[in-house]
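Work through the exercises below with the model open. Try each task before reading its solution.

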Amino acid sequence: MSEPARRVRLYYDLVCPYSYLEGVAAEAAEDAGKLAIEWLPFELRPAPAPLLEPRGEHLRTDWPRRVYRLALERGVEIHLPRHQPRSTLPLAACLWATERGALRPFRRALYEAMFCEGTDISSDHEIARAARRAGLAPEGAIEAAYSPDYIRRLHTIRAEAQRAGVRGVPSAVTEDGRVHWGAGPITTLAEDDRVLVQA
C-alpha cells in the first residue's frame, strides 16, 4: 500500500516568475500523488508597497541570470513581462476559484497571460478571460476580485503566513512547520524529505 501524500501549504503570487515555475513542479507532484498541496495566495507587494519597474535593473539582471536558466531546465515557456501589476485583484479572484474547484486552470490562465502573453493580469479584461478559460463565470470572477471579503482574506492569509515564518514566495510550509523558500523545494519535498534543511 502506498504512503499517503505529504501535506504542504504552498504560498504563491501570480506576478512572481519563481511561483509560476515552482507551481509547474507542484502540479506534477500533485498529479503523481506525492504531495497534497494547499495553495495559498501571498501578495508580495500589497499597497502601498512600491511595484517593480517593468524595465528596472533588478528584472534586467535577475531574469537572464536566474529565471530563464531555471525555465529552460524545467521546459517552461516564460518571458519578461511588459507589466508589473499589483496582484490584489487576481489573487482575490483565486480564492473564489478555489471555492469552485477550479483554481488550477484559473491560476494557470493568469500565469500564462502574465508570463507568456505579457498582459496586465490586474485588469478586469484579463481576470474575466482567465475565468472563461477555466470554465468559470467571468462576471463572478470580477465581482470576487473586488470583494472586500476576499481581499480581507488575502490580508489574513498573508499575516498568518508571516507569523509562520514566510517572508516571500514561493514558500512551502510542511506539517512540522518548516518553511522552504524558493524555486526547488517542491521537487525535494516530493522525492525525499530526509535531506531537507530548514530555510
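**Exercise 1: The cavity**

The largest cavity has a volume of about 60 Å³. This is a predicted model, where local features need pLDDT of at least 70, side-chain atom pairs count only at pLDDT 80 or more, and totals for chains, interfaces and linings use all residues. Residues are numbered from 1 along each chain as its sequence is written, and side-chain values use heavy atoms, with hydrogens and water left out.

Task: Find which residues line the largest cavity.

Solution. Start with the term. A cavity is a set of points, on a 1 Å grid over the protein atoms alone, where a 1.4 Å probe fits but cannot get out; lining residues have an atom within 4 Å of a point. Volume is the space filled by probe spheres set on the points. Next, count: the structure holds one cavity of 30 Å³ or more. Now list the lining: D13, V15, E43, L44, R45, L51, L52, Q84, P85, R86 and S87.

**Exercise 2: A residue in α3**

Task: Decide whether T88 is buried or exposed, and list what T88 touches.

Solution. Locate T88 in helix α3, residues 88-99. Helices are DSSP runs (H or I, at least four residues), as are strands (E, at least two), numbered from the N terminus. Then apply the cut-offs: buried is under 20% relative accessible area, exposed over 50%, partly exposed in between (1.4 Å probe, protein chains only). T88 has 17% relative accessibility, so T88 is buried. Last, leave out residues up to four places away in sequence: T88 touches E43, I151 and L154. Contact means heavy atoms within 4.5 Å.

**Exercise 3: Strand pairing**

Task: Trace how β1 pairs with β2 and with β3.

Solution. Two strands pair if DSSP finds at least two bridges between them. β1 (residues 6-12) runs parallel to β2, with seven bridges. Strand β2 (residues 35-41) is largely enclosed by the rest of the structure, because five of its seven residues are buried. On to β3: β1 pairs with β3 in the antiparallel sense over four bridges. Here V8 has T174 as its bridge partner.

**Exercise 4: The hairpin**

Task: Which residue takes a positive phi in the hairpin of β3 and β4?

Solution. β3 pairs with β4 (residues 179-181) in the antiparallel sense over three bridges. V173 stands opposite V179. Four residues lie between the strands, and G177 takes the positive phi, near 90°.

Definitions and conventions:
On a 1 Å grid over the protein atoms alone, a cavity is a set of points where a 1.4 Å probe fits but cannot get out, and a pocket is an open set with protein on both sides within 12 Å along at least five of seven lines; lining residues have an atom within 4 Å of a point.
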